[in-house]
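Reader: I would like to learn how to read packing and chain contacts in a model. Please take one feature at a time.

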Amino acid sequence: MLQMSWLIPLFPLLSFILLLLFRKSKSESTAWIGVLLTGLSLVMSVGVCLAVWQGEGIKTEGTWFQIGERAITMGFEVNPLNALMLVIVSLVSFLVHLYSKGYMHGDERFGVFFAYLGLFSFAMLGLVLSPNLLQLYMFWELVGLGSFLLIGFYYFKPEAKAAAKKAFVMTRIGDVGLFIGMVLLFWQVGSFEYDEIFATVKNGDISDGMLTLTALCIFVGAVGKSGQLPLHTWLPDAMEGPTPVSALIHAATMVAAGVYLVAAMYPLFQASEAALTVVAVVGGLTAIFAASIGLMQKDIKRVLAYSTVSQLGYMMLALGASGYVAGIFHLTTHAFFKALLFLAAGSVIHAVHTQNIEEMGGLWKKLRLTGPLFLIGALAISGVPLLSGFFSKDEILASTYADGKYGLFWLAVIAAFMTAFYMFRLFFLVFTGEARQEKKDGQKDVHESPSVMTFPMIVLGVLAVVAGYLNTTWFGTFLSDYLARGPVELPHGDHHGPVWIPLVATLASLLGIGLAYLIYQRGTLSRDWITRSFPGLSDVIYNKWYIDEGYDQTVVKGTTGLSKLGALFDRYVVEGLVTAVTTGVQRLGRIGSRLQNGQVQSYGTAAIFGIVILLLIVALTGGYFS
Amino acid sequence: MNTWLLSILIFSPLLGVLVLMFIPSHDEKSIKWLGVLGTLFPLGIALVVLSAFNIAEEGLQLAERFSWISYEVFQSKGEVKYPIFYEVGVNGLSMVLILLTAVVSVLAAIASFSIKQNWKSYFILFFLLEMGMLGVFAAQNLFLFFIFFEITLIPMFFLIGRWGYLEREKAAYSFLIYNGVGSAILLIVFVALFMKTGTMNFEQLAYTLSLPQAELNQLFITKGFKMGMLIALLIAFAVKLPVFPLHSWMVRVHVQAPPAIVMIHSGILLKIGAYGVIVFGAGMFPEQFKSLAFIIGLFGVINLLYGAFLALTQTDVKRVLAYSSVSHMGIVLIGLAAVNESGMTGAVFQVVSHGLISALLFFLVGALYDRAGSSELSAFGGVAKRMPILAGIFLAGGLASLGLPGMSGFISEFMAFLGLFEKMPVLAAVGTLGLILTAVYVLRAVLAITFGAEKDLHKADDLSSSERIPAFVLLAAILFIGIYPAWLSDMLRPTLDAILLGLGG
Amino acid sequence: MSSVPLAAYLMLALILFCIGLFGALTKRNAVIVLISIELMLNAVNINLVAFAKYSINPGMTGQIFSLFTITVAAAEAAVGLAILIALYRNRQTVNVDEMDTMKR
Amino acid sequence: MDLDTLLSFKWSVMAPEFIILGVATLLSLIDLFMKKESSRKPLAWLAGAGVLAALVAIFMQLDLEVTSILYDTYRLDSFSKAFKILLLLGTLLVLVLAASYKKEDIEENRGEFYYLLLSALLGAMMMASSADLITLFVGLELLSLSSYIMAGLERRNKRSNESAFKYVVSGGIATAITLFGISYVFGLTGETNLFMIAQNMQEPELLKHGFLLMFAFIIMFAGLTFKIAAAPLHMWAPDVYEGAPVPVTAFLSVVSKTAGFVILLRVIIITFIAAPGINSDNILLQVQPYIMALAAATMIIGNVTALRQRNIKRMFAYSSIAQAGYILVPFVSNSSLLFELIWFYLLAYLFMNIGAFTIIQILTAQEKSNDISIFRGLFKRSPWLAVPMTFFLLSLAGIPVTAGFVGKFGIFMGALGLEPAHYWLAAVMMATTLVSYLYYFNVIAVMFFRDGEGAKVSVPSGMAAILAFCAVSTIVLGVMPDLALDFFYGNFDINEFFMNIEAVDTHTH
């Protein structure tokens, strides 16, 4: 089984190629190719995961090419961590394929969409299987490509175009960080292999400064992909893509790749306290910051997007607070409930053809399945006890506290409260109350989505509930035991801090829910009391802290300005020099021809003049007159 | 047979010229097809050469050497012969470049179907050009190298000046003059070396120059002389490469020349500069080259950033690509400056990969120009709707040129930077900024054309079958190198190792 | 009895040469220009003859040389005048400074 | 000396000169007795036959050892043979060119053109094969006087007259200057025989007169630059070239120039090879900077001024000035390659320039204009003129696979060969060469890139022959320069040039 695990990414690749070939065919049955092949890789990865659960991992490599003596290798590695990731990725991917069959129905580039999905899944699975940094980096970029293509799937929409570009460039910034870190490590270690890197790190052959530097560079890569501060702005815009894409890429898998990277390189981070702290702080800040923006968004997908950012912040915080397991755990649960939420949102949008939550409402009765599933998702993410989100979030808080990062701890708690609030704001606005959208004529009545769409949601709904029991203080810590067999030796000492932490978390989430209930359901508090009470603050928050504008003003303007300047320089200085020379020669020529005035006697004079000059020089240099 | 193989290869394009002579100049169809056949023939021979070429073996292969010119000089030592031989041969490096030349020429010939007039003289010059390029890479002594180098200039002058776009003559002249400066410096250097050492053969020269200083002094070869020669060489090839601030001619040529010719030009001719720097610069003046490494690296980074920055705001896609060429040549310099395996390999990879990528992109731009009658970005939009294949390949090409893994661009960038990071991390780090900028300008240009609301073009049909061949072949090659670089690196290693041995790197 | 030093002859020749040169370069009348050139040549003759007598190894050669010079000078004058006449036929002028139809 | 000494000399070695002389006289007599209106075509063929015969005679002399008549007043050595071949070849081509010259006004006095050409040739040949100042001077004057008349051959043509007169005046001044210099050289050594002069240069007496010698040298050198149209006596060239009929221009720019270089080599190299200059160190080393300056100036003036010319003949005048500058470069570093380099370059120059002038004549004759625009669209109108013209221009510009390139390459070898290498001179040469690209390629651009109006051009068979010959030789010499070089090395031993056989014994047999 394990030996064959390299096949897992290849199925989606195959589907990509096949679908590109059948691009032309109008029938939508081509979708089944994608579904089938991803299904295959799902089955395999489950098998692999189980195999790893029982036994050891595996690592196989071959030389890719050689630089002088050094061989650059390619291959695949299966260890507990990436086996788990395999399952998550292939599962969500499979479900999303299925879902899209319904969601993308009637789109003229139906086949292409599935092809892109296949490409992405291939890249993501390959990334997870990579045994060395270089290979990871390559798939890392390919994943970016997949996301780019899918965000820009509606290529005719200017917003989509802009968003796709933004996503690629922003992540590219992070990637360059990763690139630098990777190369620096190479010259320290002499290899890209994880295990060799870890070995060198353990032996302490690398100076602390260099350790921190490389760790931070790599973290920059993670920041870019996982939409952490300050490179998060692309992620909300990425919602221009079709909703299933948002579910797959920008909720469950790719954005989690950053977290996965940090986890995969964890020994390196562990070796540098500073790096860990940075990770934690960035994570914490992102969590609260994104959550705050989420409070006031009007677009259902954007709310979810910001919540994603904030949840990713949680994971980073966990890893930074040496809560390795907690991070991975939350990654897992988040993958499920966030994908669920997105798919549900998708089905809502599918039903009402708008993304503005203020135009929705009263869908609970109309969408009999979507409603409850969305509720489950909301509860899970809000960290209501007994659902998956609760356990993972609790773990994170605990480890943060245990790590002595109290400030971040309280930040996280507040973020949790906010999360609960905006999720339920969303829920109430969308599902309860009256339909605020006046029906446009010629629009068919709101109806539940087809079963191909609901089935994946149900699966995810179930997982969103049960995934939490992978690792609980009460039933047993399967996950941590499982991960403990990985290359990373987990920080010792139990993270399960004081008992009151779960209570606090629960309290925070309940408070949030309650507040949302009061405002958006009961209306005891008028909706805009915040806006009224703190106009300035709310304005800033509503405009996402003006980050985009800030970037436009500084970075973008600066670069374009520099470029324009360069153009002028090129035009006037570089070209100018050349023209100066040529005109100079021309002048000389004009002078020469002016001397040629047709007077034979002046010719003679010139000649004599020349001779005399020569003679004079001879006389002077020879010291004749002296 | 093998003894003559290379010469046959070099002069094989002349067969095409010969046949064309007897075709009536109005017979468009057969001339064009002959044009393609005439380039396929050298390609075939190039493949034969490749099969005869032993990758594992080091040093020169398939070498030929005939006495050519001999000057007799009476000196204090008595009569000294100053012989010039006709010597050709291939090592890994030149083999690769010869293949590149043969392939790109064929595709450019196919791309030349869009030429509107005077096909006969066009293809005759085209063949002469190909002969020149093949010769440059196969030549094994300075004299021969210079001759073929100059042979490439003249056909280019005509091809640009006769078949180019509006400002073609200006472009042709600046091409001529700039390259003239380059070759002028080259000639002086070559003759100076010749008169000092009495030989023009690369290997003998490298050997002579590597003699201990004491013996060199008897030949009047001082350290200063060496350094001067190297700097002159670098300047000469910097014109060809081109290196900031000597790049303006290249931009003009790329904008004005017909697409097929630009494919050749940016695909191969620019590479002569890199080839020269490697073979003459690094190969003959190792110590001096090493001492100049930082400056070379600096210029590399400047090129990379300067080109990228200027490409950011160009409104004409040709100009964007032109400046991107400047930027990518910067990566070549970066690789060379690293003076280690990965750097050198990266540089050569970049040479090859940029050859393929820019050929592809300029070909597509030519196709777009045929459809829109313009290459202004503003003239396009939503091309993906009506021409999905063109748009797709264009996007792929763009991604390749911004160094997406799995494509040739990535390997070369990766190795070049890998190399430089070992020697000058800070400089390299600054250089990586270029990677971001590249992404920005490439996407800006590509998306502006393929994405967005559709603009109507007077001719909006997708790539025709004759246009698909070059596009697909190039894309395939790009992917092949990107996925299986070992093929290239194995062929290069012996040669580069030899050079690096001299560099002591 | 001839105690005139060589230098004197040379100086005379030099002065004569310069006068001739001056004439050749400044006079408007073409005929005078030709004559001035003759003057220059004759200055050379004086040199030759003087050297023939006073140089480190005196001999006939100088004088023979001057004979040749004289002949050549005569021929040159003849040719010059012939061309001048042809020119005069076409242009009705012998002014040198009017002969500038070809310039730049 | 008595008669039998006179007869004892091996007069047969003068066969080429005698042939030319004979034919020239014969032509003049025939011309005299021919009816005025009858065509002079036969004279052309006769003259051509004569030149050919002389050429054959020289080839028969190739393996003759050095011979000298009357104390080196006539001297047959490799040097003279080598360069006489160039002179005769050039004249032959010019003859063919002139034979198919169309203009009517030259019709009436065609006759004298031929024997003037021959007498000029005779003068040039004397310059090539004499080692005595007197004969050299006479030869020079014979060449000059004949060419003065030839320049003015179109009696009705104002420009022709004017150019002739300018030629006479500048020529007269130049002669005077040269002679003035010569007179001092003679005075200081008391000899006219070059070898004797060279010997007497060693006299301790002379060391005192370093300055005088230096002055004499420079004056003489400057005077001699007249014939090769180099600075400072170059300014006559454009006007004369423009005014004179094309064949004469071709003659001036090729044969006469070659003769000029011949006499320069003879006089300068033999006489001053070991002469003491100021403070009695070698004069040739001392004058190097001055010759350098002259060469550089010539190259710059020629090339830069040519940029502005619209008149094709003037442009070629400047180009030929520039070429003279190139050929002066080897003089500077008088390397031992000197002779073959200059010889080869002049050979290449002969082909490319006469070729170019042939085409110029064809076009000017047809379009009745000298403006560059006569080349418009030549490639479209008659590619078989445009292509060779391109070869010639490329060769003049020194682009590879043309003879011109090999010539330039050789000149570089000359400039950079010896220590100290003259880098900046080479640099100037390269820079000016680049400038020359501009105007040479301008003509090419006019031929290829402009659309030509105007009829298809008809080419007389004679000219077609010249074109073919010149084009082929330009390319062949560019691809296989060894054809020429081996011929040179095989038949000519430059040491003969320095061999003073008079010193050994005056009267052999």
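Reader: In which hand does α11(B) pass α14(B)?

Author: A crossing is left-handed if the near helix is turned anticlockwise from the far one by less than a right angle, and right-handed if clockwise. Here α11(B) passes α14(B) in a right-handed crossing. The model is predicted: local features need pLDDT of at least 70 and side-chain atom pairs count only at pLDDT 80 or more, while totals for chains, interfaces and linings use all residues. Residues are numbered from 1 along each chain as its sequence is written, with chains lettered from A and ligands numbered from 1 in the order in which they are written. Helices (H or I, at least four residues) and strands (E, at least two) are DSSP runs, numbered from the N terminus.

Reader: At what angle do α11 and α14 of chain B pack?

Author: Axes are lines fitted to C-alpha atoms, for helices over the stretch in contact, and angles run from 0 to 180 degrees between N-to-C directions. Angles under 35 degrees count as roughly parallel, over 145 as roughly antiparallel, 65 to 115 as roughly perpendicular and the rest as oblique. For α11 (residues 259-284) and α14 (residues 317-338) of chain B the angle is about 20°, and the axes are 11 Å apart. The two helices are therefore roughly parallel to each other.

Reader: Which residues make the contact between α11(B) and α14(B)?

Author: Two residues are in contact if their C-beta atoms, placed from the backbone, lie within 7 Å. From α11(B) come B:Ser266, B:Leu270, B:Ala274, B:Val277, B:Ile278 and B:Ala282, and from α14(B) come B:Ser325, B:Met329, B:Val332 and B:Leu336. For classes, Ala, Val, Leu, Ile, Met, Phe, Trp, Tyr, Cys and Pro count as nonpolar, Asp, Glu, Lys and Arg as charged, and the others, Gly among them, as polar. The contact of α11(B) with α14(B) has eight nonpolar, two polar and no charged residues.

Reader: How many residues of α10 (residues 248-256) of chain B are buried?

Author: A residue is buried if 20 or more other C-beta atoms lie within 10 Å of its own, exposed if 12 or fewer, and partly exposed in between. In α10(B), nine of nine residues are buried, among them B:Trp249, B:Arg252 and B:His254. The cover includes α24 (547-595) of chain A, as well as α5 (142-163), α6 (168-197), α11 and α14 of chain B.

Reader: Is A:Leu19 buried or exposed?

Author: A:Leu19 has 25 C-beta neighbours inside 10 Å and so counts as buried. Its place is in α1 (residues 7-21) of chain A. Beyond neighbours within four places in sequence, its contacts include A:Thr30, A:Ile33 and A:Phe114.

Reader: Which pair of chains has the most contacts?

Author: Among the five pairs of chains that touch, the most contacts are between chains C and D. There, 35 residues of chain D are in contact with 36 residues of chain C. The largest share of chain D's side, 18 residues, comes from α7(D). That side divides into 15 nonpolar, nine polar and 11 charged residues. Chains B and C do not touch, and their nearest C-alpha atoms are 25 Å apart.

Reader: How many residues of chain D are in contact with chain A?

Author: 25 residues of chain D are in contact with 21 residues of chain A. On chain D's side α10(D) gives the most, with six residues. The side of chain D that touches chain A has 20 nonpolar, two polar and three charged residues.
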